[in-house]
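I opened the notebook to go through this structure piece by piece. Here is what I looked up, in order.

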Amino acid sequence: MFYWVMKRIFLGPVLRLLFRPWVKGLDNVPAEGAAIIASNHLSFSDSIFMPLMVPRPVVFLAKSEYFTGTGVKGRLTAMFFRLTNQLPMDRSGGAASAVSLNAGMDVLTSGGLLGIYPEGTRSPDARLYRGKVGVARLALQAGVPVIPVAMIGTDKVQPIGKRLPNIRRIGMIFGAPLDFSQYADQADDRLVQRKVTDEIMFELMRLSGQEYVDEYAAVVKLRLAGAETAGPEGEDPAAGPEGKDPAAGPEGKDPAAGAL
């Protein structure tokens, strides 16, 4: 009820008036039935603007930190996220991320729309980064289409670290649904999961026009943070031994396995 009231009566009309969002391809979102909406991630406000334009409710997997804040601000933030149909996503990997994915699966099995950011975190520089395979696992296991959506200009409205938004027009492009039913019997195959994820990211790159970087955004953020606290002779403390990717597992194993 809160979701509907905020979208239709209070928050929605105000945002439409101020930011005048334009939309292309909205008819690619099915009127009924389960589907995954996979979006690039430029700004915190992506989770507000995109569901505003989709007629059906969209349930997002949002980072768990939004639900665990302390103090008045933290509790209000957690309440807002819960009341707006968002679910906590543990991004640490392993069993914790698997539990979060199960919550997303529940949305799909009940016929809902699940919103996912395959990059796992906001882009640090408006480029598009490598997708994590959780989106593929969900799509293959649930047997649902994936609708790519490119958010346009939201990084200019609310850059990382900026609390008050800039008033300017934003847009979004919904691509044609991607059907991966041919891989239905290979849902647990890691190579297939990577192939499906890469296909989704290619569509996001095509729709958004962003430069693609074949690296995880989270790793880049670690490196940028490390550069600010670099040791002697510019040594990057965020890098592992011999410059190994700090987020990589044994033998370069994909750290995104089982995570979004």
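I took two strands as paired if DSSP finds at least two bridges between them. Helices (H or I, at least four residues) and strands (E, at least two) are DSSP runs, numbered from the N terminus.

I am working with a predicted model, where local features need pLDDT of at least 70, side-chain atom pairs count only at pLDDT 80 or more, and totals for chains, interfaces and linings use all residues. Residues are numbered from 1 along each chain as its sequence is written, and side-chain values use heavy atoms, leaving out hydrogens and water.

Entry one: strand E7. I looked up its partners and found that strand E2 (residues 35-39) runs parallel to E7, joined by 4 bridges. Isoleucine 36 has valine 146 as its bridge partner in E7. Strand E8 (residues 171-174) pairs with E7 in the antiparallel sense, also over 4 bridges, and there valine 149 stands opposite phenylalanine 174.

Is E7 enclosed or open? I counted 6 of the 7 residues of E7 (residues 146-152) as buried, so the strand is largely enclosed by the rest of the structure. Buried means under 20% relative accessible area, exposed over 50%, and partly exposed in between (1.4 Å probe, protein chains only).

I found H2 (residues 46-53) mostly covered, with 7 of its 8 residues buried; among them are Phe49, Met50 and Leu52.

Entry three: helix H3. I placed valine 72 in H3 and noted that valine 72 is exposed, at a relative accessible area of 56%.
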